[in-house]
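Visitor: I would like to learn how to read the features of a protein model. Could you take me through one, a feature at a time?

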Amino acid sequence: MVRGLFILNGSAGGANGGGIQNAGTLLMNLDSVSGNLSATGNGGGIYNSGTLTVLTSFINGNVVNNNGAGLFTAVGGTTRVTQSTIASNLTAVGSGAGLASAGTTSLVRTRVTLNKAQTSGGGVFVVAGGTVTLRQSTVQKNSPGNCAPVNTVAGCVG
């Protein structure tokens, strides 16, 4: 378990996961993942291809030149984010500035806001074959649009 850490200003260069790359099982609690960069991969803040649980944490201010500036769940990966904030992340080229999912992602009582993607899904982007489930979560004030493709995330408007 990772608890109370600040993962700041990391860089993955040509790889995935500027701040964290998880291929195993990781539990994060009361952490901050901020200001990280993945220059050509996915997941500026976090890239998950394993099992990831995020509790009461902040994922903000991360940058990626592909998909999922804040968080990217890869094919076969499972991510659950609870009582957290995913905000102010930026994609320079791709989609899903807040998060992108090609695997299985669920948000519980989590806020996704003020993220900006270059292409689509400023808040949430569902990659073909992936899923994102919202439970008592808000996705708002993201650009362009909150969730993409349209109607792929139940409960998400725009």
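Predicted model: local features only at pLDDT ≥ 70, side-chain atom pairs only at ≥ 80, totals over all residues.

Visitor: How many helices and strands does the protein chain have?

Guide: Helices (H or I, at least four residues) and strands (E, at least two) are DSSP runs, numbered from the N terminus. This protein chain has 21 strands and zero helices. Its C-alpha atoms fill a box of roughly 35 × 30 × 25 Å along the principal axes.

Visitor: What share of the residues counts as buried?

Guide: Buried means under 20% relative accessible area, exposed over 50%, and partly exposed in between, with a 1.4 Å probe and protein chains only. Here 53% of the 158 residues count as buried. As for contacts (heavy atoms within 4.5 Å), among those with a separation of 6 or more, 77% come from residues 24 or more positions apart.

Visitor: Which residues have the most contacts inside the largest nonpolar core?

Guide: In soluble globular proteins, nonpolar side chains tend to be buried together. A nonpolar core is a set of buried Ala, Val, Leu, Ile, Met, Phe, Trp, Tyr and Cys residues joined through side-chain atoms within 4.5 Å. The largest one here has 22 residues, and M28, I46, V124 and V153 have the most contacts inside it. Two or more residues each come from β4 (25-29), β8 (51-55), β18 (124-126) and β19. A second, separate core has seven residues, including Y47, A74, A102 and A148.

Visitor: What does V153 touch, leaving out residues up to four places away in sequence?

Guide: V153 touches V124, V126, V132, L134 and C147.

Visitor: Which residues of strand β19 are on its covered face?

Guide: In a regular strand the side chains alternate between the two faces of the sheet. In β19 (residues 131-135), V132 and L134 make up the covered face, while T131, T133 and R135 make up the uncovered one. Two strands pair if DSSP finds at least two bridges between them. Strand β16 (residues 104-108) runs parallel to β19 and is joined to it by five bridges, with S106 opposite T133.

Visitor: What does the side chain of S101 reach?

Guide: S101, in strand β15 (residues 99-101), reaches the backbone oxygen of G103 with its side chain at 3.1 Å. The side chain of S101 also makes a polar contact with the side chain of T105 (2.9 Å). S101 is buried, at a relative accessible area of 0%.

Visitor: How is an aromatic pair described?

Guide: By the distance of the centres and the angle of the planes. Rings of Phe, Tyr and Trp (its six-membered ring) pair if their centres lie within 6.5 Å; planes under 30 degrees apart count as stacked, over 60 as edge-to-face and the rest as tilted. The structure holds one such pair: Y47 and F72 are stacked, 5.6 Å centre to centre with 5° between the planes. The pair links distant parts of the chain, with Y47 in strand β7 (residues 46-48) and F72 in strand β11 (residues 71-73), 25 residues apart.

Visitor: Which residues does the disulfide join?

Guide: A disulfide is a pair of cysteine sulfur atoms within 2.5 Å. The disulfide here joins C147 to C156, with 1.9 Å from S to S. The torsion about the S-S bond is about 90°, so the disulfide is right-handed. Both C147 and C156 are buried.

Terms used:
Residues numbered from 1 in each chain as written. Heavy atoms only, no water. Polar contact = N/O pair within 3.5 Å; in protein donor to acceptor, adjacent residues only side chain to side chain.
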